[in-house]
Amino acid sequence: MTKHEETHKFLVGIFNDEDILIGAIKKLQAAGVKLHDAYTPYPVHHLDEYLGFKRSRLSKAAFLFGATGAILAATFQSYVMGIDWPMIIGGKDFIAPPSFVPVTFEFAVLCASLGMVATFLVSNGLLPWKKAVMFDPRSTDDKFVLAINLADNKKIEEAKIVELLKANGAEEVNTKEIKKK
Amino acid sequence: MASATHYSVEHENLNFVFKSELRKRLIMAMAIGVILILLGCILLMMGIGVADAHHGAGHGTGHHGGGGAEGSGHGFHWTKRLWANLWLNGVFFTGIAVIGVFFVAVQYVAHAGWSSAIKRIPEAFGYFLPITGGLLLILFFIAGHDLFHWTHSSLYEKGGKEFDKILYGKSGFFFFPLKPGSFPFFYVLRMIIFFGGWYFLFMQIRKLSLKEDLETDFNTYLKRPVIYNKLVYISTVFVVFFAISSSVSAWDWIMSIDSHWFSTMFGWYVFSSWHVTGLATIALAVILLKEQGYLKVVNENHLHDLGKFMFAFSIFWTYIWFSQFLLIYYANIPEEAIYFKERLSGHGGLYAPVFFLNIFFNFFFPFLILMTRASKRNVSILKIAIGFILVGHYLDFFMMVMPGTVGANGGFGLIEAGCLLLFASAFIYVVASNLAKAPLIAKNHPFIKESEYHVVL
């Protein structure tokens, strides 16, 4: 395989200000350019909406993890206390639902939180052995970085996109090869 | 986010108009409430819906039927159910009113900005405090003996037939510094101090809040927001005062109905029930005003936060309620467990359905309905959740007051419906008429712009 097939080529626009970045995002989208992602030194409100990102489904995953935990804990306690090894405690029924509530609740919370963390790490490629993609290290300091995957924009010429970026306030436009996932 | 639906606070100096049509309707509702109460009383006088009228009026100490209700030893007279209902609604609506003030105070203490556009609404709730305060005080003198077992002086006569050692030990809490069994000076004093303190601090907050509206130049005021700083100070005093007074008033007005029983969670329990009811009422008022074309600045982001509050405090209530229940259930000490035994199986199982409805209305429904983001931003779904919370917490207070006062003679009849209608319409009347007296939006609140641009992700 050639090197070309293993990597994606990205155009990386560097901006000085969040307003200029947002303006450029709108102009580029109007011109039909598909954007990969933007990187900023601090959270910029509504950037995700401008980039057209969908709302994360993490909360749905959290609900499912929590529900699984609650069902597991309730079933396990009922099985142990009611079927496998019944014991009389305080004269209560073998299966006494109120006394199962604290453990059920805690286990639901535990499953929801651990499951959510794991889902978040996996879906964002943040697992410990993964190397984070860094388009420009200055995005952690004072620059606003806009990345455009050329593979997503095969219909538009590279030179045209560079021109659009520069015309809409990019200080510099670099290219970067990133390995395919 | 600037969008087509964005409204600016500058364009909104509307006052709420308390139309004569609404006024008439509310007065009608109050009249219907009174008629229902009268009808209910007549039916009770005729002995319909009374379970043990034949027991007579004697103070039979040996008689402890119906799961051991404190008051069940005394004969039932129909007025008792009326007093219990007035007391129940008095305490319930006191809660909503005082939580309005508490909500405003908390927003000031937290230097919150998002709520500044809606703060006039909870602010108007406080005007109901003197009405319920006066009512509860008068009611205590009229119906103290019917509602509170501990008020009977024969319980404190040493060597007497009805002498009660346990209540004698608690007597200082009610009668200090007077003789046990005489005038409950300390109890009445506390009631006056709590209502007086709440209303006094509320008036200070309201006065300053209205004074802030008169500032002529917003930008000059922002440089030295003297009134705002004073409001933060008074709100802090209110929050500290409320922390103590809400707990003690819960012991006084509700827990002492079951005179022998006590729970260390009770102060929090009543507070949490009051709080979530108050939040639901605030949210309902905001939604209704918005539907009438007021509060254009308020959008789904503000409703989202109110929804979060209701969601969170419904769970908080459940946590408190369950903590109280589980410890008593698990330890199973007779003098503690009697409280739940009376509610679950006492009085012929009269209160058992309400006991379970209570959990469904106040936990499962709000929890599941308000869980997703979209539902907290949807007016119709919010209204459903508010309905469950308001009805549910009325039932919660019903469960606290009724078994210990009317016992087997309770139920939901004409008196209950009438009292609830009377109090609710009176509350709306007082709030609406005071809402009309000031601009709906506090335009010089230092954080008003933050509320205008408030966004919940």
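Helix 4 of chain B runs over residues 129-147, which makes 19 residues. A straight helix at 1.5 Å a residue would reach 27 Å, but in this predicted model the end C-alpha atoms of helix 4 of chain B are only 21 Å apart. Where does helix 4 of chain B bend? The bend lies at B:F141 and comes to about 60°.

Several residues of this helix are buried, namely B:L129, B:T132, B:G133, B:L136, B:F140, B:D146 and B:L147. An α-helix has 3.6 residues a turn, so residues three or four places apart point the same way. The buried residues of helix 4 of chain B are covered by parts of chain B that include helix 2 (78-109), helix 6 (185-213) and helix 14 (379-405).

Now to chain A. Its secondary structure consists of six helices and four strands, and along the sequence they follow the pattern α-β-α-β-α-α-α-β-α-β. Chain A is more spread out than a compact globule, because its radius of gyration is 25 Å, well over the 16 Å that the globule rule gives for 181 residues. The C-alpha trace of chain A spans about 80 × 40 × 30 Å along its principal axes. Of the 181 residues in chain A, 17% count as buried.

The domain assignment divides chain A into domain 1 (3-55 + 143-179) and domain 2 (58-123). Taken over C-alpha atoms, the centres of domain 1 and domain 2 of chain A are 46 Å apart. Among the contacts in chain A with a separation of 6 or more, 81% are between residues 24 or more positions apart.

Conventions. Residues are numbered from 1 along each chain as its sequence is written. Chains are lettered from A and ligands numbered from 1 in the order in which they are written. This is a predicted model: local features need pLDDT of at least 70, side-chain atom pairs count only at pLDDT 80 or more; totals for chains, interfaces and linings use all residues. Helices (H or I, at least four residues) and strands (E, at least two) are DSSP runs, numbered from the N terminus. The radius of gyration is taken over C-alpha atoms; the globule rule is 2.2 Å times the number of residues to the power 0.38. A residue is buried if 20 or more other C-beta atoms lie within 10 Å of its own, exposed if 12 or fewer, and partly exposed in between; C-beta atoms are placed from the backbone. Two residues are in contact if their C-beta atoms, placed from the backbone, lie within 7 Å. Domain bounds come from an automatic or database domain assignment. The expected span of a helix is 1.5 Å times one less than its number of residues. The bend at a residue is the angle between axes fitted to the seven residues ending there and the seven starting there.
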